[in-house]
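This report describes the surroundings of the ligand and then one of the pockets.

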Amino acid sequence: MTTVRTRVAIVGAGPAGLVLSHLLAGAGIDSVILDSRSREEIESTIRAGILEQGTVELLDGVPGSRARTVGSRHDGIELRFSGEGHRIDFAALVGRAVWLYPQHEALRDLIAARLEGGQDIRFGARVHEAVGADSDTPAVVATTADGGELHVEADFVVGADGSHSVVRRAVCGSHGGYFREYPFAWFGILCEAPPSAHELIYSNSPDGFALISQRTPTVQRMYFQCDPEADATAPSDAEIWDTLQRRVPGHALAEGPIFQRDVLRFRSFVASRLTRGRMAIVGDAAHTVPPTGAKGMNLAVADVVLLADALESLLLRGDATGVEGFDVRALTRIWKAQHFSWWMTSMLHVAPDASAFDRLRQLGELESVVGSTAGSTYLAEAYTGWPL
Ligand code: PHB
């Protein structure tokens, strides 16, 4: 058994854990990150790709971040319904933008920068328990890649360990949290084709929702609403293109070979509490949002900006008020993002049991957004992100 001592033990080398270690290092607070996955696995997992302006500004402080060079700035999105596109002009409405930069690319930048900065990251270390939340010496117990037992003793433990979080059990006990399931999922594809549009298209059609996103000049990412039980291997390429084209009526999509397909089930979740004594949970360990609002990684970053500040006060000045107030401050933003993600989802998808009334009301809702500066401004403000 090996014992390691650090100030902050961070479980999870995803966006939340890595950004937290970056912010803590900037304040002179050392940390150890543990993740059950290998570096290769973390860097190759395909996730969504929209970064809020505040997230990009924060990543500007990470040496070598390519968010602004490899990523591309988007000054608006298109909302499409009844066969017509309506641009939501972020620049004109709120003077802000988002960046399309896939999460795994951001993770590559973060891992490289943290390792270069001397960060201790234990890849392949599976944490099975977080203990001592109510003491001054919380710890995590892990099995390392080579089968050894590792204890990391710290002044504070942070669970940034995703939706199957181990640390959440120590923080929330049996109280879980607040859930919402949805009667649909997304069928996602990556294909070799030129972009079908310069900006993202969020399209509502009588057949259901589709999202046209991009990756590079030659690779595109697209999604369409499907049954949560759908089999990603079942439809042929021709059937997928037929579904996508029908879901974006009036806008021809550039087709090409599909080289990856997946079904993303979605749900909304907020943990019953985010802190307990000297432990906290952040990112997907604390909440999950459906992907329609593009909030996942941004919300994780917002959590750790607040937490880093609170930990700086606690660990450098012995002032616990930041940690004590963390739940209330973080949850205010989390519930706003939950609302926005739920709203975009319900406004754009067609529920399997939708009545004619529901369908016509939904079109009325979409008209209210695109036909009103107030309505469009709310969407632009929430999508580009409330200031951190
Ligand atoms: C993506 O490009 O993967 C993407 C973009 C916007 C979303 C979700 C996913 O809302």
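## Ligand shell

The residues of the shell around the ligand comprise 10 nonpolar, three polar and two charged ones. The model is a predicted one. In total, 15 residues surround the ligand, and Tyr202, Ser213, Arg215, Tyr223 and Pro291 are the closest.

Two elements, β16 (208–214) and β17 (219–226), each give two or more residues to this shell. Domain 1 (2–74 + 98–178 + 268–343) and domain 2 (182–267 + 351–384) both contribute to the shell, so the ligand lies between them.

## Polar contacts and cover

The side chain of serine 213 places an N or O atom 2.6 Å from an oxygen atom of the ligand. For the side chain of arginine 215, the distance between an N or O atom and an oxygen atom of the ligand is 2.8 Å. Proline 291 takes part through its backbone, with an N or O atom 2.8 Å from an oxygen atom of the ligand.

On its own, the ligand has 280 Å² of accessible area, and the protein covers 100% of it.

## Second largest pocket

The volume of the second largest pocket is about 380 Å³. Its lining consists of 20 residues, of which Pro102, Gln214, Arg215, Thr216 and Val219 are the closest to the pocket centre. The elements that supply two or more residues to the lining are β5 (72–74) and α5 (103–116).

By residue class, the lining divides into 10 nonpolar, eight polar and two charged residues. At least three lining residues come from each of domain 1 (2–74 + 98–178 + 268–343) and domain 2 (182–267 + 351–384).

## Arginine 215 in both sites

Definitions and conventions. Residues numbered from 1 in each chain as written. Predicted model: local features only at pLDDT ≥ 70, side-chain atom pairs only at ≥ 80, totals over all residues. Heavy atoms only, no water. Near = heavy atom within 4 Å. Polar contact = N/O pair within 3.5 Å; in protein donor to acceptor, adjacent residues only side chain to side chain. Areas by Shrake-Rupley, 256 points an atom, 1.4 Å probe, with all protein chains shown as cover. Helix = DSSP H or I, 4+ residues; strand = E, 2+ residues; numbered from the N terminus. Nonpolar A, V, L, I, M, F, W, Y, C, P; charged D, E, K, R; others polar. Domains from an automatic or database assignment. 1 Å grid on protein atoms, 1.4 Å probe; cavity = no way out; pocket = protein on both sides within 12 Å on 5 of 7 lines; lining within 4 Å. Points joined across faces, edges and corners; volume = space filled by probe spheres on them.
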